Amino acid sequence: MSKVPEKHGPVRTCPKFEELGRMSGIAQMLRERFRELKWSSGRALETELGRLDRGLGVWWHNRPEHAKALASLLNLEVSDLGVSDGLPRHHQFMEFAGFFGMPPLDLRKGHPWDWGGEKRVTDQESERQSSLGSLEEWLRPTPYQFRAPCEMHWLGVGDDLERQVLARSLAAAGHFPVRQVQMLCDAADALKSKKPVVVVVEQLDGEADFTALAMRPEGAGLLVIAPDRLPVRTDSQSHDYLSWERMGLAGSQRAVFDLSGAAGGSIRRWEWTRLPDWRWRFLQWLEKHWAYSGKDTLYSAQGVKAWLDHFDPREEWFGSVADVLSICLGFESEKKLPKAHDVKAGSKLLKALQRSQQQFPADVLQDLGMARWRCGALAWHGALPMQAWAELGSGYAGEPDKAGLDAVVQGKTLAERQRAARAFEMRQPQAWVRSGVLKAVGDGYDFQQQSLVKLLVRDALLDAMVKRGWADWAWACFDTQRRGLVDAALDALGEKDLQALSSRVMELDSQSAEFIGASEALFCAVGRRIAQGVEIAEGDVLLPLAHSVINRLSMADVAWSLPAPWTRPVDTHERKLEWITVCWAWSLMPAPPLSMEGNWLFPGWGAVDAAEAPWWLTELWPEKGMEQLSRHWQRFFHVVDEWTKERDQPLAEVPRLLQVAHLRKAAAGGWPADVAWWQGLWPDEPGEDWRWIDQALIDRFARYSTADAAKHMWPSYALWERQVQHKWGLQYLRPVRRWLMERLPGAWAVEQLDEAGRLYFASCPQTLPQQWRVPLLLSMKEHWNTKPARFLMSYGPSIVDELPELLESESTLAWAAGSLIWTWNAAKACELLKQPNRLGASAWRILFDNCPIGSLSLALDVLRQYPDILERDERIAWAKRNLRNSGALAPELLMLIFELSDEDV
């Protein structure tokens, strides 16, 4: 099929296009004539000119001064270029509506937040696996990206504020047009266009979304940014392509069928995921943003981080960017924030918000929040219809009555009448939306201040836990959406209150839902504290609790099936990991009176050396592409470290999951490190990342005397590196390699190597510290005769002091040493040249023959001073060899040649 001729736009059709030298000439003239403007470097400006000519002029639209300069150069009007005559301020600056005191954000500087990124989602059965690839061509295009995006992508960004900033940043960057709509079908005109476009939607619309996507022309790039990932049909299977149902469809119906399937058809699904330290990154960015904006504040990123780490380690209370930003804006200093165990923290934070929003009806928020919490028939997360809210707020909602109107009219003062009018208005559910209690979400409504509602629930839960109110929270342990708040509330209890609660729960009926729910929640709460390194005083008090929970587990099948608790599922890797961490943590305490053999769920309570690690343990591993460990993994590895500390001998077969801890104890000198542990931690599948592995190892090694730790680890690491010899040399890039080598004396490290090890590292000396290279080179003396001349080049100038010895070695490296000494230390070479008696005759001759043109005068002087050092024929040959490049010294060389030739006559 022949290529359709490209249509010329306003730049190529301009009469001055050829006169100015086409695209490259126009770009050069713009830089020269309008130097006061900041232009893109290299060919990037030519690329933007080409995009403008193809109708993609958003870059110029966002830079009106640049567009005016181009129009002036081409003798055109700005409108002739297809861009507007200016950029509204709201396109450049983002205002944070509802966040009082937050300075505007200048979007010209690109996307400012770097605590998250896109992750590929394949299908429901393999959601945790992320494939290689990214949305770089959309989110981070390079100036040299000449091919326009030609595929469809759906990116789910659950955080509202993060999604807004991402969308506005893309619009300001101007690489592609950005359409912001309520639902995807509202952008029908943009979807039918063949030009790449970004569409930001506020809500999903079921099958209508797939119908809208099916409108997109083939090969036209599209990025949809939505609050959630694109769903998959419940009946979808991986082999839908050959299904009977699909074969019976055609046209747009088949396209919709494909798009809604697990394979995704022509659309790729992505989700925005945050890094584990996203809150810390955001707090640091906020500190810089406020300083740049001149905001007068006592805010400290480090101080707020410390408070959040203590108050909300599970990210349950402040799980969104807006939540954290509200806290930072609501308090001048972290010193005024509530303490971690404050049972009235929610009320205090609510009062702080009321100071900035006087009309905020806190009483309505609190009552609606608690009513929804207690109504187990309603979901805790997500929007509800207004009728459901009206029923929850039955104490407020109702028809206007005469008594309410009379209270407004009969008030004696203006303040009394205003209060009565406000109370009357709050009886209407729609007023809850106007006052900021609720917000519209799709066809329903949800809380506007999610974090405050959760904090108010926290206060109620803590009060009930301290005052024996089992009925107020134990039932929620069986509710997937509410269980997290119960766990977070238990984490907020003081140690004495937690122990008292653990004792009181044993008074309940052992077969009641309250006992089973509360006991397992408390069991997990204690385990989490142990995993965090909290020392549990009077642990014997907690043993009856452990006994009751463990007795309900199916421990008979532990060798091949993970015994699961009754109140919480272990159906995902994260939930499974959290449960295993809790059980391992408990096994670090004294064992309860149980007749139980050694097993891998409670490895601290019995010998597991003879028991093979079960699949439910060995299958666990951080997901591909992970650069930082999540808090769940950090806690698990901490517990494994503590368990390994108590062992006298390493396991005969160490599962991959335990190899970091085994290396940690080896670094402390507890036992020799096994090369197999290094090999087990080396990524062996595409997409696996060693950065978190190396960081975990370095963090653990650094807890000991670093020099001793490095010495303990070096022999096994050196053997592993020699054996692995990755074809791309990736082992040289490992941070742990650099950490070890920076802390080891070079001579000592080389002494620990056997001959094979020295030969290996001698083949890659450029990857070693400079202070290692000399002892390594000297340890290879017996091999100098077998190495090619280029061998020395990789060692670099750090071995320059050893080159005289190499000159004397009469090996194949001697000639290379004679050349390199002139390159790396010409002064030393001159010194040796002037004193022939300091070198053997052969070594001096090599040095003399390698003398560069720049030192030719010195060589002539040495020949005159020591005329017998070379034979006559050798001197003639040397003079003739250097004559061609001798310059001003040519007469002297010719004189030498003729004088020596005359001696023959």
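Analyst: Below we take helix packing, backbone angles, aromatic rings and a histidine in turn. Keep in mind that this is a predicted model.

User: Helices then. At what angle do the axes of helix 23 and helix 24 cross?

Analyst: They cross at roughly 145°. Helix 23 covers residues 495-504, and helix 24 covers residues 513-531. Their axes come within 10 Å.

User: Is that crossing left-handed or right-handed?

Analyst: Left-handed.

User: Which residues make the contact?

Analyst: Helix 23 brings Glu495, Leu498, Leu501 and Ser502. From helix 24 come Leu522, Ala525, Val526 and Arg529. Sorted by class, the contact has 5 nonpolar, 2 charged and 1 polar residues.

User: Where does asparagine 75 lie?

Analyst: In the loop between helix 4 (64-74) and helix 5 (89-92). Asparagine 75 counts as exposed because its relative accessibility is 59%, and the cut-off for exposed is over 50%.

User: And what about phi of glutamate 315?

Analyst: Glutamate 315 also has a positive phi, near 60°. Its place is the loop between helix 13 (301-311) and helix 14 (321-330). Its relative accessibility is 24%, so glutamate 315 counts as partly exposed.

User: Rings next. How many aromatic pairs does the structure hold?

Analyst: It holds 35. Ring pairs also join some residues into a cluster: Trp584, Trp600, Trp621, Trp633, Phe636, Phe637, Trp643 and Trp692.

User: What sits over the ring of tryptophan 270?

Analyst: The charged end of arginine 120, 5.7 Å from the ring centre.

User: And which residue lies over the face of tryptophan 290?

Analyst: Lysine 295, at 5.1 Å from the ring centre.

User: Last one, histidine 153. Why does it count as buried?

Analyst: Histidine 153 counts as buried because its relative accessibility is 2%, and buried means under 20%. It belongs to strand 4, residues 152-156.

User: What does histidine 153 touch?

Analyst: Leaving out residues up to four places away in sequence, histidine 153 touches Leu135, Glu137, Trp138, Leu222, Leu223, Val224, Ile267, Arg268 and Trp270.

Technical notes
Residues numbered from 1 in each chain as written. Predicted model: local features only at pLDDT ≥ 70, side-chain atom pairs only at ≥ 80, totals over all residues. Heavy atoms only, no water. Axes fitted to C-alpha atoms, helices over the stretch in contact; angles between N-to-C directions. Helix = DSSP H or I, 4+ residues; strand = E, 2+ residues; numbered from the N terminus. Left-handed = near helix turned anticlockwise from the far one by under 90°. Contact = heavy atoms within 4.5 Å. Nonpolar A, V, L, I, M, F, W, Y, C, P; charged D, E, K, R; others polar. Buried < 20%, exposed > 50% of the residue type's maximum accessible area, 1.4 Å probe, protein only. Phe/Tyr/Trp six-rings, centres within 6.5 Å; stacked < 30°, edge-to-face > 60°. Lys NZ or Arg CZ within 6 Å of the ring centre and 35° of its normal.
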